[in-house]
Amino acid sequence: MTPHDDGPTTRRQPDEVLLGFTLALRAAGVPVTQDRAQGFLAAAAELGAGDRRSTYLAGRATLCAGPDDLERYDQVFHAYFDARDGLPRPRPSQPPTTTPSLSQLPLDEGSGTGDEPGEDVLRAAASEVEVLRHRDVAALTAAEKHRVAGMFATLHPRPPRRRTARHQRWHRGQVDASRTLRASLRRMGEPADIAWRRRGTRPRRVVLLVDVSGSMSGYADALLRLAHRFTQAGGGTVETFTLGTRVTHVTRAMRLRDPERALVAAGETVPDWSGGTRLGETLRFFLDRWGQRGMARGAVVVVFSDGWERGDPTLLGEQMARLRRIAHRVVWVNPHRGKAGYEPVQQGVVAALPHCDDFVAGHSLATFAELVEVVSRA
Amino acid sequence: MALESPEAVAARLGETGYLCDDALATVTFLALRMERPLLLEGEPGTGKTALAEAIAQSLDLPLVRLQCYEGIDATQALYDWDFPRQILHLRALEATGGVGPTDVEEAEKSLYDDRFLLARPVLQALQASPAVLLVDEVDRADDEFEAFLLEVLSTYQVSIPELGTVRAATPPVVVLTSNRTRELHDALKRRCLYHWIEHPGLEREVEILRSRAPEVSEGLRRQVVEVVQRLRDRDDLQKPPGVAETLDWARALQHLGSAEIDLAAASATLGALVKYREDAERVRQALDQMLRA
């Protein structure tokens, strides 16, 4: 009756309820953009908004972008439309985000007074850098960690290359019959120069599988930084997954340019930091859902893990064998490999080793640099 | 279009032998109504490609199929000029003395004529529209191709510099399928309605068998589906059988003349159901247990 305030406050408009749902979905981590939300409203309007099931289906079709989203969508939908007890739902807590100050560069001592003592300081700083390069990243203090994080920028992974089915012009190689003929046709059939071609190359896909279970927790941060370097250099051909109690696709987070933001985004995506591992099972899930379909086909697959396996090691062996048959090259990176007195005796490593092409160390920046070389050459 | 509800869509698809659940029917209905492309993902053998065929058949529209592969580019998806024929045409003009200094322009113009245009799938679909355009396994194409596809799918028109713009009178129904070998670009996904196709439940799969393989006897049909469903529940198979495999297996058993599954016939036809040696071994053991129970 009263024209001025019966809209939003007393009776919520259906559109408002639906838009509220898209906000809740976005808060839960599904990337809902404005145009997707608009599509959702349009779809819901097509189906008639009164019905719960059709609203559910309209949202599923317009707001989700992959099977990972579907699970979250179901949870949020249920929480939003079914449980109306007026209590706020618990949201996944965000890990504390520390924003590093950009002024604190790895070599901050070097920019001191600039007088004679400067040289000494520089040398000292340089040797300290060299020491840090060989230190185990799990045993660093917070300040050292911060400096090592900056030093990751010195790693320059080159993606490995593969030959493609398509040819490109080249000044020697095979005769390019069709181009030669076309050139001569252009001259009305006069024979002309012979054109040559060779097979082109493209970056080969690199798949990084990072174990983030409890036993690897000291290395997770450094390994994700390494994955970030690979992703930034790889031009869209690098995919990263974390393995814990489940498999999480974190490539999207790794594509963020700034390493700190990428790590924070990965932290928000991965639900199982420092949990247990059942490597065999998670690997099988990866191969079923992603690897066998093509993600691992012909790719260089790098597994970062210490091989502590709670489950059945024979399953891990089987899955590694399967991975090897699909992948171009399988590299196993073990942080303990480079340490004195290490023997590959853990059940998981014993089961996996026969199916790896390379078994390399990965506990310090220097070993990461070696790994980068191994992957580039693969 | 005469389809005014998801139920009507399901019924029409059902007439062609494609049985779908309400989620798939709804999303198809929305795609038709909102004129948005439909992006289908799911396990291999769950009927992604078959849906496009069924839509085409049930709406009585031509189906244009674009199979994607690595390195596909605009000339293979849109159009190309038939260069040899253009040359022949010029030669023919020359031979008949048709080209004088005055009508060079005329001759040039005649080169870029409809008859020298090779319409590739996307252009075909736009010209033939209303039609169904199936872009199969879009994840196999390169990123650049996705960007190009996005452009076509948002405007439903193609500009050919020499001829002008081809615009679809009514936008074609577009179905994209992907096997998730890589993540598609967000921009493309946002254009589309998304659906993940699951394996069908027991009753539905029996129904599918009934409509797709009517020659298989009723008893065998149910038994086959029960076995396949139980195999899918196991999580130790490398490649759980899809609906296509179920159909193949039922037909194979029928050809052998078995009225019900026995171990000998099952072992002989296992190649129709599972495609890995390790899986075959596991399935044989599982079958042994199931049949004894």
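This is a predicted model: local features need pLDDT of at least 70, side-chain atom pairs count only at pLDDT 80 or more; totals for chains, interfaces and linings use all residues.
Figure 1. Look for B:Asp60 in the loop between helix H3 (48–59) and strand S2 of chain B. Its phi is near 60°, a positive value in a residue other than glycine. Most residues other than glycine have a negative phi.

Figure 2. Is B:Tyr156 buried or exposed? B:Tyr156 counts as buried, with 20 C-beta neighbours inside 10 Å. The cut-off for buried is 20 or more. B:Tyr156 sits in the loop between helix H8 (143–155) and strand S6 (157–160) of chain B. Phi of B:Tyr156 is near 55°, again a positive value in a residue other than glycine.

**Figure 3. The S6–S7 hairpin of chain B.** Strand S6 of chain B pairs with strand S7 (residues 164–167) in the antiparallel sense, over four bridges. S6(B) and S7(B) make a hairpin, with three residues between them. To get your bearings, find B:Val158, which stands opposite B:Val166 in S7(B).

**Figure 4. A cis peptide bond at B:Pro130.** The bond joining B:Ser129 and B:Pro130 is cis, with omega at about 5°. B:Pro130 belongs to the loop between helix H7 (121–128) and strand S5 (132–136) of chain B. Most peptide bonds are trans.

**Figure 5. The five-stranded sheet of chain B.** This open sheet runs in the order S2-S5-S8-S1-S9, with parallel pairing. Strand S2 (63–67) and S9 of chain B are at the edges with a single partner strand each, so one side of each has no neighbour in the sheet. On average, neighbouring strands are turned by 20° against each other, direction ignored. Helix H2 (residues 22–34) of chain B packs on the sheet and touches S1, S8 and S9 of chain B. The direction of H2 makes about 155° with that of S9(B).

Figure 6. On the S8(B) side, B:Leu38 has B:Val175 as its bridge partner, and B:Leu40 stands opposite B:Thr177. On the S9(B) side, B:Leu40 stands opposite B:His195.

**Figure 7. The kinked helix H11 of chain A.** H11(A) has a kink of about 55°, centred on A:Leu287. End to end, the helix spans only 19 Å between its end C-alpha atoms, while a straight helix of 17 residues would span 24 Å at 1.5 Å a residue. Twelve of the 17 residues of H11(A) are buried, so the rest of the structure largely encloses it. Among the buried ones are A:Leu283, A:Phe286, A:Leu287, A:Trp290 and A:Met295. What covers the buried residues includes strands S4 (206–211), S5 (238–243) and S6 (247–249) of chain A, along with helices H12 (313–326) and H13 (347–352) of chain A.

**Figure 8. Where chain A touches chain B.** Here, 28 residues of chain A are in contact with 23 residues of chain B. On the chain A side, helices H2 (34–47), H3 (52–63), H4 (67–81) and H11 (279–295) and strand S1 (161–170) each supply at least two residues. By class, that side has 14 nonpolar, seven polar and seven charged residues.

Figure 9. Chain A has 14 helices and nine strands. Of its 378 residues, 33% count as buried. Among the contacts in chain A with a separation of 6 or more, 71% come from residues 24 or more positions apart.

Notes:
Residues are numbered from 1 along each chain as its sequence is written. Chains are lettered from A and ligands numbered from 1 in the order in which they are written. Two residues are in contact if their C-beta atoms, placed from the backbone, lie within 7 Å. Ala, Val, Leu, Ile, Met, Phe, Trp, Tyr, Cys and Pro count as nonpolar, Asp, Glu, Lys and Arg as charged, and the others, Gly among them, as polar. Two strands pair if DSSP finds at least two bridges between them. The expected span of a helix is 1.5 Å times one less than its number of residues. The bend at a residue is the angle between axes fitted to the seven residues ending there and the seven starting there. Axes are lines fitted to C-alpha atoms, for helices over the stretch in contact, and angles run from 0 to 180 degrees between N-to-C directions.
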